[in-house]
Amino acid sequence: MSFDLHFFALPVPFEPSPLSEQAAAKLGALVKRYGGPDAPDEHGFFFDMPNGAGHIEFYAGKTEGGMLALRGVSDPHLSFAWDVMREMCWAILVHVHEEKQVLLTSAPADDLGMLAEMDIETIVVVAEGPGDLEKVISEPFESWASWRDQVVAGKSH
C-alpha cells in the first residue's frame, strides 16, 4: 500500500511517450545523486537514500513520467520529488479526493492535455520548492495514512 505521486509531461498525453536516451540519462543522474542506481531495473528505481533518509520506490525510466510510491513523507522524499519535477520538466498529479486533484508544476501550464477532459476538479499550483509540495500532499497523505492504519488493523473493508 502506498500514497502515489504521479509524474507527467505537460500537456498530459493520452498515451505516454517513450523516454528519450537523453532524458533517461538525465533521470539516471538525478536518481544517482540521491544514492540510487544510474539506470532503472525492469520496473523503475528502488533504493535506500544515504544516511537513513528513507526508501525510494520510483516506477519510472521507460516512458515520460512515472510514479513515486510513498509510505511516509520526509524532507528527502519531498526534495527528490521536487527535483524530479523540476529537472525533468514534469508535473506531479496529487489525488486529493474523489472530486478534486492538484497538478503541481514548476512553471505555469496553459495546456493540461487529457486532464482538461476529466470530470474532476483540477487545481494547478505553481510550486516554488519542496515546501509547496508538502503543503499540497500533507492533508491527502494523512487521510490515506489513517485509512491504511484502519485496513492494517482490520477495521476497514
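A polar contact is a pair of N or O atoms within 3.5 Å.

**Close-up 1. D132 meets the backbone of E128.** In this predicted model, a polar atom of the D132 side chain lies 2.6 Å from the backbone nitrogen of E128. D132 is found in helix α3, residues 130-152. Beyond its neighbours within four places in sequence, D132 is in contact with L104, V126 and A127.

**Close-up 2. R33 pairs with E87.** The two side chains form a salt bridge, with the closest N and O atoms 2.8 Å apart. R33 sits in helix α1 (residues 21-33) and E87 in helix α2, so the pair ties together parts 54 residues apart in sequence. E87 counts as buried, at 18% relative accessibility.

Close-up 3. D83 and R86 are three residues apart in helix α2, so about one helical turn separates them. D83 is buried, at 11% relative accessible area. R86 is partly exposed, at 36%. A network of salt bridges links R33, D83, R86 and E87. The whole structure holds eight salt bridges.

**Close-up 4. R148 meets D149.** The salt bridge between these side chains is 3.1 Å, N to O. D149 is partly exposed, with a relative accessible area of 43%.

**Close-up 5. The largest nonpolar core.** This core has 37 residues; L5, F7, F58 and F80 touch the most other members. Helix α2 (residues 75-88) gives the most to this core, seven residues. Another core, of six residues, lies apart; among them are V12, A91, L112 and L115.

Notes:
Residues numbered from 1 in each chain as written. Predicted model: local features only at pLDDT ≥ 70, side-chain atom pairs only at ≥ 80, totals over all residues. Heavy atoms only, no water. Core = buried A, V, L, I, M, F, W, Y, C linked by side-chain atoms within 4.5 Å. Buried < 20%, exposed > 50% of the residue type's maximum accessible area, 1.4 Å probe, protein only. Helix = DSSP H or I, 4+ residues; strand = E, 2+ residues; numbered from the N terminus. Polar contact = N/O pair within 3.5 Å; in protein donor to acceptor, adjacent residues only side chain to side chain. Contact = heavy atoms within 4.5 Å. Salt bridge = Lys/Arg side-chain N within 4 Å of Asp/Glu carboxyl O.
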